[in-house]
Amino acid sequence: MLKDIQKILSPETKILVLLNGLGHEDIVKQYVPEKNIFIGNTMWTAELLGPGKIKLLGSGSVVLQNIDASQTAAAQKLAALLTDAGLNANYSTNIRYDIYKKATVNATLNTLSALLEANIASIGQTRTALPIIKTIIAEFVAVAAHEEIILDADELIANIQKTFDPAGIGLHFPSMYQDLIQNHRLTEVDYINGAIVKKGQAYGIPTPYNALITQLIHAKEDLLIPTK
């Protein structure tokens, strides 16, 4: 997409990356100066009902930070702008931690929803969901620790368990389900579980559960997405 819109990008165009997963900024840097890139994530839960129609479930938030040290004021201004728009944005002083934390949610709930073709509450009702989630998160914790990012596994697991409640967002089908099962589109698994696998290989840290999840999602892509 950035390649397609490069003609309309000026030297002052700012890019805010709120995509699920890890490492997107490395791709954006190929098209946009680092000082113009801001990274973060969003905890808004939403469903696309149609063109211009989005359904929000519950409340959410956005956190973001600048990559270039000289752009702190610009990042804070951007957070204020998003808050004025009702998106509850905050400036983060440790965005890598925030991104890893959100990625553990995507690596567990998004992938299991697509593989099991189930909403979040139904995933929570299965006998094997919690052991799978714990093992996926343990691999994330180990890889993050190598980068001096300290994740609390118990806290992450507890937060995921809270999402099982049907009165909250339990009836939601995550974005990977919407992409793969509903719309037969390729998923972002390579930037979530797949990213942890690549990092683990580079650091000498085993990540067998994330590797298997990545392979299973790709297998389902092969089955559901017609080849041209």
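A: Start with the hairpin: E3 and E4 form one, with two residues between them. In the turn you'll find Gly52, whose phi is positive, at about 75°. Names like these come from DSSP runs numbered from the N terminus, where a helix (H or I) has at least four residues and a strand (E) at least two. This is a predicted model, so local features need pLDDT of at least 70 and side-chain atom pairs 80 or more, while totals for chains, interfaces and linings use all residues. Residues are numbered from 1 along each chain as its sequence is written, and side-chain values use heavy atoms, leaving out hydrogens and water.

E3 covers residues 45–50 and E4 covers residues 53–57, and five bridges hold them in an antiparallel pairing (two strands pair if DSSP finds at least two bridges between them). Across that pairing, Ala46 faces Leu56 in E4.

Next comes an open sheet of four strands, in the order E1-E2-E5-E6, with mixed pairing. E1 (15–17) and E6 (89–91) sit at the edges with a single partner strand each, so one side of each has no neighbour in the sheet. From one strand to the next, the twist averages 30° (axes are lines fitted to C-alpha atoms, for helices over the stretch in contact, and angles run from 0 to 180 degrees between N-to-C directions). Zoom in on E5 (residues 62–66) and E6: these two run parallel, joined by three bridges. There, Val62 stands opposite Ala89 in E6.

Asn88 has a positive phi of about 50° although it is not a glycine. With a relative accessible area of 36%, Asn88 is partly exposed (buried means under 20%, exposed over 50%, partly exposed in between, using a 1.4 Å probe and protein chains only).

H3 (residues 95–116) lies across E2 (37–42) and E5, and runs at about 40° to E2.

A search of the whole structure finds one cavity of 30 Å³ or more, and the largest cavity has a volume of about 80 Å³. On a 1 Å grid over the protein atoms alone, a cavity is a set of points where a 1.4 Å probe fits but cannot get out, and lining residues have an atom within 4 Å of a point. Grid points are joined across faces, edges and corners, and the volume is the space filled by probe spheres set on the points. The lining of the largest cavity has 13 residues, with Leu19, Gly21, His24, Gly40 and Ile99 nearest its centre. Helix H1 (24–28), E2 and H3 each supply at least two residues of that lining, and E2 gives the largest share, three residues.

Finally, the record: UniProt puts "domain: Ketopantoate reductase N-terminal" (unreviewed entry) at residues 1–67. UniProt positions follow the numbering used here, feature names are shortened, and annotations may be inferred rather than shown by experiment. Over residues 1–67 the chain is 7% helix and 37% strand, with its end C-alpha atoms 21 Å apart.

How values were computed
Contact means heavy atoms within 4.5 Å. On a 1 Å grid over the protein atoms alone, a cavity is a set of points where a 1.4 Å probe fits but cannot get out, and a pocket is an open set with protein on both sides within 12 Å along at least five of seven lines; lining residues have an atom within 4 Å of a point.
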